[in-house]
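Please look over the sequence and the structure before reading on.

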Amino acid sequence: MKVITLKQPWASLVANGYKLYEFRSWKTKYRGDVIIHAGKAVDKVAMEKVKDLNLDYPSMKLLAIVTIDDCIELNEKINKTICAENPLVYGNKNRDGYAWKLSNIRKLNIDETIPGKLGFWNYDLKK
């Protein structure tokens, strides 16, 4: 199955349903399920903003399966709409690139520690 590695807290915010858009500089034509992997890196500024959510922020773990429904090219109007949905998570930043619309979040319970990779990579859930 396809996997995408995210820094914390972004990976846990996706896995817990707080973040329904993943922002990337590149577009994807892929639609379907993808595993959210929490990488080793941490966005310290973002962690401070969301500390009151009291979530777990594991590193190097597979956290959830989500569905990529769409890949939307960002512009000022779309940025404002997304930011208004959850200002705590999305802030008020005018981003360039693409927003991948995520849905159908299913948490995983896999204890294996796995290093992350750039871009999409594959993992066999049947191990």
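## Strand β2 and its partner

In this predicted model, β2 and strand β5 (residues 98-107) are joined by four bridges and run antiparallel. Within this pairing, Arg-24 is set opposite Tyr-98 of β5. Helices (H or I, at least four residues) and strands (E, at least two) are DSSP runs, numbered from the N terminus; two strands pair if DSSP finds at least two bridges between them.

Helix α3 (residues 76-85) packs on the sheet and touches β2, β4 (61-73) and β5, contact meaning heavy atoms within 4.5 Å. The direction of α3 makes about 140° with that of β2. Such angles run from 0 to 180 degrees between N-to-C directions, with axes fitted to C-alpha atoms, for helices over the stretch in contact.

## The sheet as a whole

The open sheet has six strands, in the order β2-β5-β4-β3-β1-β6, with mixed pairing. Its edge strands, β2 (21-24) and β6 (120-122), each pair on one side only. On average, neighbouring strands of the sheet are turned by 45° against each other, direction ignored.

## Strand β1

Strand β1 covers residues 2-8, and five of its seven residues are buried (under 20% relative accessible area, with exposed over 50% and partly exposed in between; 1.4 Å probe, protein chains only).

With β6, β1 pairs in the antiparallel sense over three bridges, and Val-3 stands opposite Trp-121 of β6. With strand β3 (residues 32-42), β1 runs parallel over five bridges; here Thr-5 faces His-37 in β3 as its opposite residue. In a regular strand, side chains alternate between the two faces of the sheet.

## The cavity

How many cavities of 30 Å³ or more does a search of the whole structure find? The search finds one. A cavity is a set of points on a 1 Å grid over the protein atoms alone where a 1.4 Å probe fits but cannot get out, and lining residues have an atom within 4 Å of a point. The largest cavity holds about 40 Å³ of space, a volume being the space filled by probe spheres set on the points, which are joined across faces, edges and corners.

Its lining includes Ile-4, Leu-6, Val-34, Ile-36, Trp-100 and Leu-102. At least two lining residues come from each of β1, β3 and β5. Eight residues of the lining are nonpolar (Ala, Val, Leu, Ile, Met, Phe, Trp, Tyr, Cys and Pro), one is charged (Asp, Glu, Lys and Arg) and none is polar (the others, Gly among them).

## Notes on the model

Residues are numbered from 1 along each chain as its sequence is written, and side-chain values use heavy atoms, leaving out hydrogens and water. Because the model is predicted, local features need pLDDT of at least 70 and side-chain atom pairs count only at pLDDT 80 or more, while totals for chains, interfaces and linings use all residues.

Definitions and conventions
1 Å grid on protein atoms, 1.4 Å probe; cavity = no way out; pocket = protein on both sides within 12 Å on 5 of 7 lines; lining within 4 Å.
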